[in-house]
Amino acid sequence: MSIDWKDVRRVLVVRLRSIGDTVLATPSLAALRRHLPDAQIDILLEDWVAPLLEGLEDIDNVVSIGKGMSERLKTALFLRRVGYDVVFNLHGGTTSTFLTRATGAPHRIGFANYQYSAFYTDLLSSASDLWKQDKTHSAEQQLALLGFAGIPVEDRPKSRLPVTNEALSSLEAKSRLRQFEISDPRSLIALIHPAAAFATKQWPTENFARTVDFLHEKGITCVAVSSKNESKLLEELAASSNAPVITFDDLTLPEITALASQAKVFVGNDSGIAHIAAAVETPSVVVFGSSNRDHWRPWTDAPNEIVFEHFECQPCPGYRCEVYGDPKCIKSVSATRVIDAVERVLKGIVS
């Protein structure tokens, strides 16, 4: 591949899908901005997750796409009109490939295992080939496409998210409605996230309750978050805990980012919220079940630990437990082990 980067004016990064995927694209955006300080760098995200990157200094525009064919066609026409020189598809699904091709960019870069690979001009065999290692993190996998194209990525930038004044203000307003005051950065708050995408990734609520009790004894107020459709978990957590828990099921993604930035520690399942916490350098303890720990561990320099029990069947797709029926991997992790990890992380924080 031969790209004359001094002539590149517009770059598009395509990263559809989830919260965690979006957060873990930010190291690639940082590497691009560092190499192309004067270029227009845009990212294409699904509309529901797009607010997460608003205010990120490494990008010029967040282009969002909704659901449905009409939305896809509208977005495709917009991307074509912009006239991108280079497009990196960090996702590789059918929709992202269609949109990458629709740009008409002279350089369309992806991995060789992507479906419809003929729609790309340049293909990398695998991230492992670039990094010369068998196991790669999601952030490294995405950075590999940039390295393949000649962008310096050897230092493996960490994930990062903006914390906007608007999000902080709206978070404070919602907190006051619950008679809860967020007074200063890194105050004595623990951010708890008891939800997960699958049962194989969701640590039992009663274990989170014991962790909340421990944190309360340490003088730390626990604030738990979830989406609206997961609010029952928050109710169960509050009912199971001996200590008070402040709960939110109505925070936007920027508000969750702001809350994470104010927390002393994060405790939760492997999820997008865990990656948000890592991206604002909040010390964290993440409980793993079926997930690939090498691929999805926190990508941060902040103190962190992952807690898991080893099973030969790990990792797995996680939709359901095919081996035991009941997901032993996540349910076997004891509250004691997580509490011990929290204590170590708290001791490692420089006051």
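Predicted model: local features only at pLDDT ≥ 70, side-chain atom pairs only at ≥ 80, totals over all residues.
Modeller: Helices (H or I, at least four residues) and strands (E, at least two) are DSSP runs, numbered from the N terminus. Residues are numbered from 1 along each chain as its sequence is written, and side-chain values use heavy atoms, with hydrogens and water left out.

Biologist: Where does Glu281 lie?

Modeller: Glu281 sits in the loop between α11 (272–279) and β11 (284–287).

Biologist: Is Glu281 buried or exposed?

Modeller: Buried means under 20% relative accessible area, exposed over 50%, and partly exposed in between (1.4 Å probe, protein chains only). Glu281 reaches 53% relative accessibility, so it counts as exposed.

Biologist: How many residues of α11 are buried?

Modeller: Eight of the eight, so α11 is mostly covered. Among them are Gly272, Ile273, His275 and Ala279.

Biologist: Which residues does a cis peptide bond join?

Modeller: Gln314 and Pro315, with omega at about -15 degrees. Pro315 is in the loop between β12 (304–307) and α13 (328–331).

Biologist: Now the sheets. What is the strand order in the sheet that contains β1?

Modeller: Strands of a sheet pair through backbone hydrogen bonds, either parallel or antiparallel. Two strands count as paired if DSSP finds at least two bridges between them. Here six strands form an open sheet in the order β3-β2-β1-β4-β5-β6, with parallel pairing. β3 (61–65) and β6 each have a single partner strand, so one side of each is left without a neighbour in the sheet. Neighbouring strands are turned by 20 degrees against each other on average, direction ignored. For such angles, axes are lines fitted to C-alpha atoms, for helices over the stretch in contact, and values run from 0 to 180 degrees between N-to-C directions.

Biologist: How many bridges pair β1 with β2?

Modeller: Five, with β1 and β2 (residues 40–46) in the parallel sense. In this region Val11 stands opposite Ile41 of β2. β1 (residues 10–14) also pairs with β4, parallel, over four bridges. There Val13 faces Phe88 in β4. On from β4, three bridges join it to β5, again parallel. Val87 has Arg108 of β5 as its bridge partner.

Biologist: Which way do the residues of β4 point?

Modeller: Val86 and Phe88 go one way, Val87 and Asn89 the other. All of these β4 residues (86–89) are buried.

Biologist: Which strands does helix α2 lie across?

Modeller: Contact means heavy atoms within 4.5 Å. Helix α2 (residues 26–35) lies across β1, β2 and β4, at about 165 degrees to β2. Helix α4 (residues 94–102) packs on the sheet too, touching β1, β2, β3, β4 and β5. The direction of α4 makes about 175 degrees with that of β4.

Biologist: What is the strand order in the sheet that contains β7?

Modeller: β9-β8-β7-β10-β11-β12, an open sheet of six strands with parallel pairing. Its edge strands are β9 (245–248) and β12, each pairing on one side only. Helix α14 (residues 335–348) lies across β10, β11 and β12, at about 170 degrees to β12.

Biologist: How many bridges join β11 to β12?

Modeller: Four, and the two strands run parallel. Ser284 stands opposite Asn304 in β12.

Biologist: Last, how much space lies in the largest pocket?

Modeller: On a 1 Å grid over the protein atoms alone, a pocket is an open set of points where a 1.4 Å probe fits, with protein on both sides within 12 Å along at least five of seven lines; lining residues have an atom within 4 Å of a point. Points are joined across faces, edges and corners, and a volume is the space filled by probe spheres set on them. The largest pocket holds about 1200 Å³. Its lining has 46 residues, with Arg17, Ser18, Asp21, Ala197 and Lys201 nearest the centre. Elements giving two or more lining residues are α1 (19–23), α6 (138–148), α10 (253–262), α11 and α12 (293–296).
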